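Student: Let us go through the labels one at a time and set each against its definition.

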Amino acid sequence: MKTFQIILNELLVYQVFAVCSAIFFATSVEAILPLCLIVIATSSLCNFFMSLVREKVKLQTFLILVLVFTLSLMTLIDYLLTMYYPEIHNGLKWMVGITALNTLIVGNAFSFARVNRPWLSLGIGFLNALSYSVILILISLIREFFYDGTIFGNQLWEMSKTNNFFLLPSCGFLLIGSVIWVIQHYKNTVLTKE
Amino acid sequence: MFLLKFYEQNKNYISNTINELIFCRNDETKSDTHIRDCLDLRRVMFIVELSLVPVVIMACYNTGYQAHINHTLEGVETWRSALFDLLGFSLGQTSFWSSFIYGLLFFVPVYLTSMLVGGAWELFFAIMRRKKISEGLFVTGLIFSLLMPASISLWQVALGISFAIVIGKEIYGGTGRNLFNPALVGMAFLYYAYPQAINTFDANNLNFTLEQAFWGTIPGQLGTTSFFACLVGAVVLLISGLASWKIMFSMLIGMFFSSSVFNMIGAGINPLFGLTPEWHLMTGGFAFACVFLATDPISATTTEMGKYYYGFFIGILGVIFRVMNPESTAFWMLAILVMNAMAPLIDHLVVKSNIYRRQKRELSNL
C-alpha cells in the first residue's frame with residue numbers, strides 16, 4: 001500500500017502533465033507503443049550516465065550535459081530506427097523530436113541524478129518513464145476503442161458509426177482531466193480514510 | 001448486481017431526494033437574519049420552463065409539418081406511422097392537429113430519453129456527494145432536446161446528455177458552477193462525434209419567405225426555427241427579470257454589425273456574404289440562441305458592463321461562423337461556447353478597468 005501511495009504521489013500524477021505534448025497523437029495504441037519504449041530507454045539511460053558523472057562536473061556544465069546527452073541519444077535512436085525499422089520511423093515521423101522534450105521532463109535527470117547513485121537513478125528514470133507510458137497507453141486505448149471499437153486493429157465492438165469526437169486533440173486533454181479527477185478523488189477519499 | 005447493491009445501500013436517500021425534487025422542501029428559511037426572497041432556484045427554473053412552452057408547441061407543430069410536406073416517411077413503416085394511423089390521422093395532412101400530434105411523436109422520445117438519462121446521472125452524483133438534486137436538469141434536458149434534429153437516434157441523445165451532465169456540469173461541482181452551458185456542451189459533443197447526425201438539413205438553403213421564417217415553418221432543429229415563439233419566451237423572461245436585456249440587445253447589435261460588414265464586401269466570393277441582417281435574424285436559430293442560450297446567467301458574464309461585450313462578440317462570431325462554414329448548422333452554438341470560455345476574462349478586464357478609473361479619479365482629486 002505504501003509503495004502504491006508513493007507511485008501515486010510522486011510518479012504517476014506529475015507525469016500526467018508531461019504527457020500533454022504527446023497526447024495529440026495518442027489516437028491508437030500501435031502508434032504510441034514505440035514512443036513509450038523510446039522514452040523508457042532514453043530516460044533510464046540518461047539518468048544512469050548523468051549520475052555517473054555527477055561528481056566530476058559543476059552544476060552549470062551538468063545541465064548542459066543533460067541536454068546534450070538526451071538530444072544525442074534521441075538522434076542516435078532516430079538513426080537506428082531509420083536504418084533497421086523504417087516502417088516504425090515512418091509511423092512516428094516528427095514525434096521522435098517530441099520524445100526528447102518528454103524525456104527531459106519525465107526523466108527528471110538533472111535534479112535526481114545530480115544527488116543520487118547510478119543504479120537508483122536508473123530505477124527512478126525507468127519508473128518515471130513507465131508511469132508516463134501507462135498514462136499514454138491508457139488514454140490511447142480509450143480513444144482507439146471508443147473511436148471505432150478496435151484495439152490493435154482487432155474489432156472488439158461492432159459500431160454502426162465511428163465516434164469522431166475521440167479523434168480530436170481536445171479529447172485527449174479531456175481524458176487526462178478525467179484521469180486526474182479520478183486519481184484526486186481516490187487520494188482525497190480512500191487514502192485519507194486510511 | 002452492482003446496481004442492485006448500490007440501490008440497497010442508498011434506498012432511503014434516493015427516495016428522499018426524489019420526494020424533495022417533486023414536492024415542496026421543508027428546509028426554507030424562517031428566521032429573521034436571512035434575506036427572504038420569493039425567487040429560489042426551483043422557481044427560476046419553472047419560469048424558464050414556462051417561457052419555453054411556446055417553443056415546444058411550435059417545435060412539435062413544425063416537425064410534424066415538415067415531415068408531412070417533405071413526404072420523408074411515406075411508405076416507411078415505423079412505430080411512429082403505425083401509432084399515427086392508430087390515432088386516426090393519415091400522413092400528408094397539414095392541419096394543425098395532424099402536424100402537432102405527428103411532431104409530438106418525434107419530440108417526446110427525445111425529451112424522455114434526455115430527462116431519464118440526465119436524471120440518472122444527476123441522481124448518481126447526488127448520492128455520491130450526499131447533496132440534493134438540483135432543478136437545473138429540467139431546463140438543461142428541455143433545451144438539449146429542443147436543439148436536436150428530428151431524425152436523431154435515441155442512443156445518440158443519451159450519449160449527448162450524459163456528456164452534457166457529466167463533463168458540462170458535474171465535473172465542475174454541479175449547478176451554478178459550470179463554465180459552459182451544459183446543453184451546448186452536449187450538442188457540441190454530438191456535433192463533433194457524429195456530424196452527419198446533427199447536420200441533417202441545409203441551413204443556408206433559403207427557399208422560403210420571411211413570414212414563414214417568422215412563424216417557424218422552415219427546416220431546422222426541433223425547437224430553433226420559430227422566431228415568434230422565441231419572442232414570446234423573451235417577453236416572459238424579460239418581465240420576470242431572469243434574462244438580461246443587455247445581452248440580447250448587444251447580441252442583436254453585433255449580428256447587425258458583422259452581417260452589414262459582410263454585405264459591404266459583397267456576395268462575389270461567397271453567396272452567404274450577401275445575406276442581409278433580417279435573414280440572419282429570422283433563420284438559423286438566432287432567436288433561440290439569443291433568448292435562451294446566451295442569457296444563461298451561470299455561464300454568461302456577471303458584470304453589467306461585461307454583458308454588452310459578451311453579447312456583442314457572440315453576435316459577431318455567430319455570423320462569421322455561419323458565413324465561413326456553409327455546411328455547419330450549429331454556428332450559434334459554437335459562438336456561444338467560445339464566448340462562455342471568454343466570459344471570466346471579460347469580467348476580469350471590466351473589474352480591472354473599473355479599479356483603474358476610480359484610482360485615476362481619486363488621484364486627480366488629491
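Student: Which residues of helix 8 of chain B are buried?

Tutor: P182(B), A183(B), L184(B), V185(B), G186(B), M187(B), A188(B), F189(B), L190(B), Y191(B) and A193(B) are. A residue is buried if 20 or more other C-beta atoms lie within 10 Å of its own, exposed if 12 or fewer, and partly exposed in between, with C-beta atoms placed from the backbone. This is a predicted model, where local features need pLDDT of at least 70 and side-chain atom pairs count only at pLDDT 80 or more, while totals for chains, interfaces and linings use all residues. Residues are numbered from 1 along each chain as its sequence is written, and chains are lettered from A and ligands numbered from 1 in the order in which they are written.

Student: Why is helix 8 of chain B called largely enclosed by the rest of the structure?

Tutor: Because 11 of its 12 residues are buried, helix 8 of chain B is largely enclosed. The buried residues pack against helix 6 (136-147), helix 7 (154-166), helix 9 (195-198), helix 14 (286-293) and helix 16 (331-365) of chain B. Contact here requires C-beta atoms, placed from the backbone, within 7 Å.

Student: What span is expected of helix 8 of chain B, and what does it reach?

Tutor: The expected span is 1.5 Å times one less than the number of residues. Helix 8, residues 182-193, reaches 16 Å from its first C-alpha to its last, close to the expected 16 Å. Helix 15 of chain B, residues 304-324, has 21 residues and reaches 31 Å, close to the expected 30 Å. Since 15 of those 21 residues are buried, helix 15 of chain B is also largely enclosed by the rest of the structure.

Student: What makes F286(B) buried?

Tutor: F286(B) has 25 other C-beta atoms within 10 Å, and therefore counts as buried. The residue lies in helix 14 of chain B. Not counting residues up to four places away in sequence, F286(B) touches M255(B), H280(B), L281(B) and W332(B). Its C-alpha is 12 Å from that of F228(B), 58 residues apart along the chain.

Student: How many C-beta neighbours does T217(B) have, and is T217(B) buried or exposed?

Tutor: T217(B) has 20 inside 10 Å, so T217(B) counts as buried. T217(B) sits in the loop between helix 10 (210-215) and helix 11 (227-240) of chain B. Leaving aside neighbours within four places in sequence, T217(B) is in contact with N62(B), Y65(B) and Q212(B). T217(B) and K246(B) are 29 residues apart along the chain, and their C-alpha atoms are separated by 29 Å.

Student: Why does L154(B) count as partly exposed?

Tutor: L154(B) counts as partly exposed because it has 13 C-beta neighbours inside 10 Å. L154(B) belongs to helix 7 of chain B. L154(B) touches P109(B) and T113(B), not counting residues up to four places away in sequence. T113(B) is 41 residues from L154(B) in sequence and 6.8 Å away in space, C-alpha to C-alpha.

Student: How do you know that helix 3 and helix 5 of chain B are roughly perpendicular?

Tutor: Their axes come within 6 Å and cross at roughly 100°. Axes are lines fitted to C-alpha atoms, for helices over the stretch in contact, and angles run from 0 to 180 degrees between N-to-C directions. Angles under 35 degrees count as roughly parallel, over 145 as roughly antiparallel, 65 to 115 as roughly perpendicular and the rest as oblique. Helix 3 and helix 5 of chain B are therefore roughly perpendicular to each other. The contact includes Y61(B) and Y65(B) of helix 3 and F100(B) and F106(B) of helix 5. By class, this contact has 12 nonpolar, seven polar and no charged residues. Ala, Val, Leu, Ile, Met, Phe, Trp, Tyr, Cys and Pro count as nonpolar, Asp, Glu, Lys and Arg as charged, and the others, Gly among them, as polar.

Student: What secondary structure does chain B have, and how many helices and strands does chain A have?

Tutor: Chain B has 16 helices and zero strands. Chain A has nine helices and two strands. Helices (H or I, at least four residues) and strands (E, at least two) are DSSP runs, numbered from the N terminus. Of the 194 residues of chain A, 32% count as buried.

Terms used. Contact = placed C-beta atoms within 7 Å.
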